[in-house]
Structure formats: structure tokens, C-alpha cells
Amino acid sequence: MTILHLSFYSAFTLSSLGLAFHRTHLISALLCLESMMLSMYIALTMWPIQMQTPSSTLLPIFMLTFSACEAGTGLALLVASTRTHGSDHLHNFNLLQC
């Protein structure tokens with residue numbers, strides 16, 4: 001395992017652990033999701049270079065597009081929930097309520 005793989009795996013693991021254990025604010029959960037997507041984007045970008053393929057793949061571009069859509073949706077939910085509930089604490093949200 002190269003140092004490049006170790007850094008990507010550790011970044012993804014740390015961000016998933018942050019998502020699992022530090023779920024007090026919605027913004028921290030969104031930041032952990034974005035760091036997971038960023039580490040996956042960098043790993044998919046470096047994959048053709050590591051495999052020494054001459055052609056580039058479109059998968060990192062699609063992933064970056066979906067990541068931007070996810071960030072926009074997450075920030076819209078953050079603004080809407082802060083306006084309705086008064087804060088972004090995750091324990092204030094009742095997801096089972098219609």
C-alpha cells in the first residue's frame with residue numbers, strides 16, 4: 001500500500017468516523033459528507049494515473065457534479081431547518097413527524 005492510498009483511506013475513515021460520532025449540528029454532518037466525497041473524488045482522479053491508463057475517465061467529473069448538487073441540497077435543508085426550528089441541532093428534528 002502506497003502512502004497515497006493510505007492518505008485516501010485515512011481521510012475517508014476519519015470523515016466517516018466524524019459523521020458517526022459528532023452528530024450534534026447539521027453543518028458538521030454536512031462537512032463530514034463533503035470530506036468523504038472529496039476523498040473519493042481524489043481517489044477516483046488518481047486511479048487512472050496509478051493504473052497507467054492513457055485515457056481519462058468521466059467518473060470523477062460525474063462524482064464532482066453530484067457532490068455539488070448534494071452540497072447545494074444540504075445547504076438548502078440547513079437554511080430551511082434553521083428558519084423553522086431556530087437552530088441546526090440534530091436532536092431538535094423529529095424525522096417521524098409528518
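How are α2 and α3 oriented relative to each other?

Good morning. The model is predicted, so local features need pLDDT of at least 70 and side-chain atom pairs count only at pLDDT 80 or more, while totals for chains, interfaces and linings use all residues. Residues are numbered from 1 along each chain as its sequence is written, and side-chain values use heavy atoms, with hydrogens and water left out.

Let us begin with α2. Helices here are DSSP runs of H or I with at least four residues, and strands are runs of E with at least two, numbered from the N terminus. Helix α2 covers residues 26-51, which is 26 residues. From first C-alpha to last, α2 reaches 38 Å, close to the 38 Å expected at 1.5 Å a residue; the expected span is 1.5 Å times one less than the number of residues. At Thr45, α2 bends by about 25°, the bend being the angle between axes fitted to the seven residues ending there and the seven starting there. A proline, Pro48, follows within four residues. After α2 comes Gln52, with a positive phi near 60°.

I now return to the opening question. Two packed helices are described by the angle between their axes and the distance between the axes. For α2 and α3 the angle is about 175°, and the axes lie 10 Å apart. Axes are lines fitted to C-alpha atoms, for helices over the stretch in contact, and angles run from 0 to 180 degrees between N-to-C directions. Angles under 35 degrees count as roughly parallel, over 145 as roughly antiparallel, 65 to 115 as roughly perpendicular and the rest as oblique. The two helices, α2 and α3, are therefore roughly antiparallel to each other.

Which residues of α2 are buried? They are Leu26, Ala29, Leu30, Cys32, Met36, Ser39 and Pro48, where buried means under 20% relative accessible area, exposed over 50%, and partly exposed in between (1.4 Å probe, protein chains only). These buried residues pack against α1 (3-21) and α3 (59-85).

Tyr41, in α2, counts as partly exposed because its relative accessibility is 22%. Leaving aside neighbours within four places in sequence, Tyr41 is in contact (heavy atoms within 4.5 Å) with Pro60, Met63 and Leu64. The C-alpha atoms of Tyr41 and Met63 are separated by 6.7 Å. Ser67, in α3, counts as buried at 9% relative accessibility. With the neighbours within four places again left aside, Ser67 is in contact with Glu34 and Met37.
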